[in-house]
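Visitor: I have some labels to check. Please show me the model, then tell me what stands behind each one.

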Amino acid sequence: MDAVTENLDLYWSGFLTSLGICLVAMVGSLALGTVIAACRVSPVPPLRGLGTWWVNTFRNTPLTLVLFFSAFGLPEIGINRTFYFFGVSALVLYTSAFVCEAIRSGINSVSAGQAEAARSIGLTFGQSLTLVVLPQALRTVVPPLGSVIIAMFKNSAVVGAFGVGGDLFSTGATLTSARGFANLPVITGVALGYLAITLPAGLLLQVIERKVAIIR
Amino acid sequence: MRIRKIGAALSAGTLMFALAACGGDDPATTPGASGGGSTEEPTEEPSEEPSEEPPAEFEAGTTMAALAEAGAVTVGTKFDQPGFGLQGLDGSLEGFDVEVAKIIAAELGIAADSIEWFETTSAIREEAIEGGDVDFVVATYTINEERAQRITFAGPYYNAGQQIMVLTENTEITGPEAFTANPELSVCSVTGSTPSENIREFLASEDQLVLFETYSECADSLGNGQVDAVTTDNVILLGFAAASEGAYKLVGEQFTEEPYGIGITKGDVEFCEFINQTLQDNEDAYLAAWDATAGQIEGTQAPELPEPSDCV
């Protein structure tokens, strides 16, 4: 394990880069996914159509392709941003489809009477969704949503290959190819780095799940 | 039967026409073409060779004597490296490595037509030499210690090195120092590659380095304006510059050294010394070979023939 201990500084900077990508993408995809879920259950047909199209497009396209279109397609039509921006937004777009479906299943689990009661006391659709339905729905979907987010943390390894670089996974590639360290210890170090993100995230989710649980 | 004959005649005719159209670029380097053409084409018969070139004098028992005696040689080269060894659509090879091999063969009294070409990709070069598939290898073959344990290197005949490729209209970047001077400029290379490590010392900030999995992704990003430059060995860059039809060019000096050698059987010191002597004696042909091949690509500098290393 000399390869890891000698290069702790590289691993640390790779870990921070990966963690940064994960946190930005988590906030982005949770927010966007909730909006898309609201679209999918809204009474406005064009919004429902948009939501359905969104989920069908991004849930059914491999992440590498979304990244590819973002990093190479957008510059082709004159949109030039940093690769970090392209990479993280592609990850957000892709994950938002899964977040949306997890939240929609939560919304469906809230009994219709709740929404009807909200509407009957005069709340608008937006109010009944944000004040009555979503708070109940989100509590129910903590476990599936957590899985989606943890999957996204791991997907962040792919983002590094699209011009971002410097993340945990690229650090591993640099150590093995350019600096000639043996593969196995280096990749084990990379795996430990990802576990250091995902295992605490899993524990946090358990805590949240217990805190927000409601008895129906 | 009749139809088949007509078909054969037609295809033979087409082949002949195709060869004629290609302007006499050593059709005999193509195994297929020489097979199809030899029965009908009276020209370029190899029979007149011995009278034209006197048999060279070599000490009996050496590789040179054996090759000169046989009048044929098998050379390993790359078939997919523009400027160095690239197989055209008609099957003929062109490039600097190919020309260097022809110079050596000529010194052995072997005509270019009698060279048999063998594709040696980077991964199989040592195996091809050790297994006797080839007599020597000229294939953008960087001399290094690990390889020298299995084979012997003659040469070097060319010093490749890391260089920078930019868009043709770019005048700001003239060398790696441009990245130190202007932290806004970005440069692309491949994750974990030696060039990506070498360029770091010229960077003002880490963010300037953009890393992809392949160089073609870097070239695409250069084309659509996402990065300002691509850096790796000049030979790889030359390939992209050549394929871009003038969109990319190479700038600045080479700032690392990758000496290319000619691979031969381990321990064949006489043959190694013969090759080194041949290169020294044929400097004009060497320079002409560069000008006719890799030298055609904009931004390349004519090489100086490097001093040969000791044969071991």
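Guide: Helices α2(A) and α3(A) cross in a left-handed way. Left-handed means that the near helix is turned anticlockwise from the far one by less than a right angle; clockwise would be right-handed. This is a predicted model: local features need pLDDT of at least 70, side-chain atom pairs count only at pLDDT 80 or more, and totals for chains, interfaces and linings use all residues. Residues are numbered from 1 along each chain as its sequence is written, and chains are lettered from A and ligands numbered from 1 in the order in which they are written.

Visitor: What makes α2(A) oblique to α3(A)?

Guide: The axes of α2 (residues 8–41) and α3 (residues 45–59) of chain A cross at roughly 130 degrees and come within 7 Å. Under 35 degrees counts as roughly parallel, over 145 as roughly antiparallel, 65 to 115 as roughly perpendicular, and the rest as oblique. Therefore α2(A) is oblique to α3(A).

Visitor: Why is B:Thr140 called buried?

Guide: B:Thr140 has 22 other C-beta atoms within 10 Å. Buried takes 20 or more within 10 Å, exposed 12 or fewer, and partly exposed lies in between. So B:Thr140 is buried. B:Thr140 also has a positive phi of about 35 degrees, although it is not a glycine.

Visitor: How do you know whether B:Glu245 is buried or exposed?

Guide: Count again: B:Glu245 has 7 other C-beta atoms within 10 Å, so B:Glu245 is exposed. B:Glu245 has a positive phi too, of about 55 degrees, and is not a glycine.

How values were computed: Axes fitted to C-alpha atoms, helices over the stretch in contact; angles between N-to-C directions. Helix = DSSP H or I, 4+ residues; strand = E, 2+ residues; numbered from the N terminus.
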